[in-house]
Amino acid sequence: MLMMEKGALEYGPVQAVRNVSITVNKGELVVLLGPNGAGKSSTIKALSGLHPLASGRVFYRGRDITNVSVEDRTRLGIAVTPEGRHVFANLTVGENLRLGAATRKDKDGVKADIEAQLQFFPVLKDRYGQLAGTLSGGEQQMLAISRSLMSRPKVLLLDEPSLGIAPKIVEKIFDFIGKLKAEGLTLLVVEQNAAQALRFADRAYVMSAGVVRYEGSAEELMSKRDLLNLYIGA
C-alpha cells in the first residue's frame with residue numbers, strides 16, 4: 001500500500017538514510033525500530049513528504065508520489081503524527097481536532113469524528129476547551145494522534161509515540177494503536193520501545209546508521225534477543 005524503494009535522504013552533507021526499502025501492506029501494523037540517529041524519523045519524513053528524497057521513490061497504492069506535497073498526500077489518505085507531538089499550544093483541544101480535518105468539507109462527519117475521538121480518549125473530552133499547551137505530555141500525545149485521525153487516513157505514520165511519556169500512559173497509547181489496527185487502519189510506527197511496539201505488530205524493520213539491518217515478522221524479531229540487544233539495547 002505504501003512503499004519506499006531504495007530511498008536516500010540528506011540534510012546538507014549528512015546522509016541520514018541510505019538505500020532503504022520499506023513496504024507497508026494494507027491492514028498491516030509495521031514497526032520501525034532502532035537507536036537514536038538510526039534514520040527512523042527521517043524515513044517517516046520521506047514517506048510523508050515532510051522532507052524530499054535525494055534518491056529513490058515513494059509509492060502509494062501503486063502510484064508514484066515521490067514529488068507529491070504533504071498536503072496532497074494527506075488528501076490521498078496518508079497522515080503523520082510527528083515526533084514531539086507538535087500540537088498547537090495556543091489553541092484548545094477542540095480547535096486542534098478541527099484543524100486535523102482541515103481538508104474535509106463534511107461538517108456533520110467532522111463533528112461525529114470529534115465525538116468518536118473523545119470516546120477513545122475521555123481525558124480529551126474533559127480538556128476540550130483547554131489550551132493544548134497546558135496538557136501533560138501523555139495528553140498531548142493522545143491529542144496529536146486524534147488530530148491525525150481527523151483526516152480519516154488510510155495510512156497513519158506514528159513517529160515515537162512513547163517518547164517522554166510515563167509508562168502507564170505508554171501502555172494505554174499502544175492499546176489504542178492496537179485498536180486502530182483491529183479496525184483495519186494501516187500503520188507504520190517508529191519506536192524505541194521494542195516490547196510495546198511489537199505487541200500488535202505484523203512485521204518489523206530494524207535500522208542503524210541509516211540502513212535497514214533486519215526485516216521480518218514481529219514474532220521472529222522477538223525471538224532474536226541478540227539482535228535486539230545489539231541495535232536497540234532491549
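In the predicted model, strand 1 (residues 2–11) and strand 4 (residues 55–60) run antiparallel and are joined by five bridges. Within this pairing, Ala8 of the chain stands opposite Ser55 in strand 4. Strands of a sheet pair through backbone hydrogen bonds, in either a parallel or an antiparallel manner. The sheet as a whole is open and consists of four strands in the order 2-1-4-5, with antiparallel pairing. Its edges are formed by strand 2 (14–24) and strand 5 (63–64), each of which pairs on one side only. Helix 1 (residues 40–48) packs on this sheet, where it touches strand 1, strand 2 and strand 4. The direction of helix 1 makes about 115° with that of strand 1.

A further packing arrangement involves two helices. Helix 3 (residues 93–100) packs against helix 6 at an angle of about 35°, and the two axes are 7 Å apart. The crossing of helix 3 with helix 6 is right-handed. Helix 3 contributes Val93, Asn96, Leu97 and Gly100 to the contact, while helix 6 contributes Leu143, Ser146 and Arg147. By residue class, the contact of helix 3 with helix 6 comprises three nonpolar residues, three polar residues and one charged residue.

Helix 6 (residues 137–149) also contains Ser148. This serine is classed as buried because its relative accessibility is 8%, below the cut-off of 20%. A polar atom of the Ser148 side chain lies 3.2 Å from the backbone oxygen of Val80. Apart from neighbours within four places in sequence, Ser148 is in contact with Ala79, Val80, Thr81, Pro153 and Leu156.

Methods:
Residues are numbered from 1 along each chain as its sequence is written. This is a predicted model: local features need pLDDT of at least 70, side-chain atom pairs count only at pLDDT 80 or more; totals for chains, interfaces and linings use all residues. Side-chain values use heavy atoms; hydrogens and water are left out. Two strands pair if DSSP finds at least two bridges between them. Contact means heavy atoms within 4.5 Å. Axes are lines fitted to C-alpha atoms, for helices over the stretch in contact, and angles run from 0 to 180 degrees between N-to-C directions. Buried means under 20% relative accessible area, exposed over 50%, partly exposed in between (1.4 Å probe, protein chains only). A polar contact is a pair of N or O atoms within 3.5 Å; within protein, one must be able to donate a hydrogen and the other to accept it, and residues adjacent in sequence count only if both atoms are side-chain atoms. A crossing is left-handed if the near helix is turned anticlockwise from the far one by less than a right angle, and right-handed if clockwise. Ala, Val, Leu, Ile, Met, Phe, Trp, Tyr, Cys and Pro count as nonpolar, Asp, Glu, Lys and Arg as charged, and the others, Gly among them, as polar.
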